Amino acid sequence: MSAIRPTRKRNVATICAQKGSDPIICLTAYNAMMAQLLDPHVDILLVGDSLGTVLHGYETTIPVTVDDMVYHGRSVMRAEPKALVVVDIPFGSYEASPEQAYKTASRILKETGADAVKLEGDVTQASTIEFLVKRGVPVMAHIGLRPQAVRATGGYRIVGKTDEECDSLKEDARAVQEAGAFAVVLEGVVEALGAEITRQLNIPTIGIGASLQCDGQILVTEDMLGFFEKTPKFVRKFADLRSDISKAVENYANAVRDHNFPAEIETYSADKKAIPLPLKKAQP
Ligand code: KIV
């Protein structure tokens, strides 16, 4: 099917209205260039703290700072996306208290201009979500496999293989909905459990390694574009940019080595007039 998408700006209400009807299409974006490329095709752009592992070479998302999220969030917002832009609240900047979470979330919203924040949290973060939502901060929750908790959970484990885990995840899902989250990411969840939670909740579920029955799907953009050789089972590679980039760079290196680049058409002669640069409006 062709991908003609509405051109109006998405907001929390339009995203919630898609539950059970129009699948919610989400991808991560960490800068203006990628946001511009993705925006015509998606409903939500997530400035995920996965930027720590994807862009900056960290082993986990734990070292990512609020300054990092503000820097990348501002870059994405410079693309003026029509998609709803959600920025992750990083590890260590919200768990201590609802007040700490409000300070961080309000800084992120003020300094980036993004539409909402996302935080990883089970039932224990419900009071924090409620505190934020009551003060005007739209919150997307993230339950199931929580990458910020890998040190505590002992690794990237799929959730829902035992009855206890199923009951506990259903309780997390109910708690974040009651606290006022407008949507919830279900990551690394057994398929039948993802489907059941989606049926039980009134808010949209966004799956990543969860279920086709979720109201939307999200992937890390660089994973689905094929930047990495090793990816989790749930990633489908829609392109092979790793090998495309490698081939392109090899061709460039050969062209320079062989004195084949730049060619005449790629150089300037003295008789060419200067081309004026277009004036750009000032950006924050
Ligand atoms: O940080 C991230 O990119 C995420 C998504 C993969 C859901 O949390």
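# Reading a predicted model: helices, cysteines and backbone angles

Biologist: Which residues of helix α9 are buried?

Modeller: This is a predicted model, and the general idea is that a residue counts as buried when its relative accessible area is under 20%. In helix α9, residues 191–200, the buried residues are Leu193, Gly194, Ala195, Ile197 and Thr198. An α-helix has 3.6 residues a turn, so residues three or four places apart point the same way.

Biologist: What covers the buried residues of α9?

Modeller: The cover includes helix α8 (163–179) and the strands β6 (183–187) and β7 (205–208).

Biologist: How many helices and strands does the protein chain have, and what percentage of its residues count as buried?

Modeller: The protein chain has 11 helices and 8 strands. It has 284 residues, of which 47% count as buried. The C-alpha trace spans about 75 × 40 × 40 Å along its principal axes. Taking the contacts between residues at least 6 apart in sequence, 59% join residues at least 24 apart.

Biologist: At what angle do helices α5 and α6 pack?

Modeller: One looks at the angle and the distance between the two axes. For α5 (residues 98–112) and α6 (residues 126–134), the angle is about 45° and the axes are 9 Å apart. The two helices are therefore oblique to each other, and α5 passes α6 in a right-handed crossing.

Biologist: Which residues make the contact?

Modeller: From α5 the contact takes Pro98, Glu99, Ala101, Tyr102 and Ala105, and from α6 it takes Thr128, Phe131 and Leu132. Sorted by class, the contact of α5 with α6 has 6 nonpolar, 1 polar and 1 charged residues.

Biologist: How many disulfides are there?

Modeller: A disulfide is a covalent bond between the sulfur atoms of two cysteines. Here the test is whether two cysteine sulfur atoms lie within 2.5 Å, and the count comes to 0 disulfides.

Biologist: Why is cysteine 26 too far from another cysteine for a bond?

Modeller: The closest cysteine sulfur to that of cysteine 26 belongs to cysteine 214 and is 10 Å away, which is too far for a bond. Cysteine 166 is in no disulfide either, as the nearest cysteine sulfur, again that of cysteine 214, is 14 Å away.

Biologist: Is cysteine 26 buried or exposed?

Modeller: Cysteine 26 counts as buried, at 3% relative accessibility. Cysteine 166 is buried too, with a relative accessible area of 17%.

Biologist: Which residue other than glycine has a positive phi?

Modeller: Most residues other than glycine have a negative phi, and most peptide bonds are trans. Glutamate 80 is one case with a positive phi, near 50°. Glutamate 80 lies in the loop between α4 (66–77) and β3 (84–88) and is partly exposed, with a relative accessible area of 47%. Histidine 259 also has a positive phi, of about 55°. Histidine 259 sits in the segment after α11 and counts as exposed, at 74% relative accessibility.

Biologist: Where is there a cis peptide bond?

Modeller: A cis peptide bond joins phenylalanine 261 and proline 262, with omega about 0°. Proline 262 has its place in the segment after α11.

Biologist: Where is serine 246 found?

Modeller: Serine 246 is in helix α11, residues 241–257, and counts as partly exposed at 45% relative accessibility. Serine 246 and valine 150 are 96 residues apart along the chain, and their C-alpha atoms are separated by 32 Å.

Conventions: Residues numbered from 1 in each chain as written. Predicted model: local features only at pLDDT ≥ 70, side-chain atom pairs only at ≥ 80, totals over all residues. Heavy atoms only, no water. Buried < 20%, exposed > 50% of the residue type's maximum accessible area, 1.4 Å probe, protein only. Axes fitted to C-alpha atoms, helices over the stretch in contact; angles between N-to-C directions. Helix = DSSP H or I, 4+ residues; strand = E, 2+ residues; numbered from the N terminus. Parallel < 35°, antiparallel > 145°, perpendicular 65-115°, else oblique. Left-handed = near helix turned anticlockwise from the far one by under 90°. Contact = heavy atoms within 4.5 Å. Nonpolar A, V, L, I, M, F, W, Y, C, P; charged D, E, K, R; others polar.
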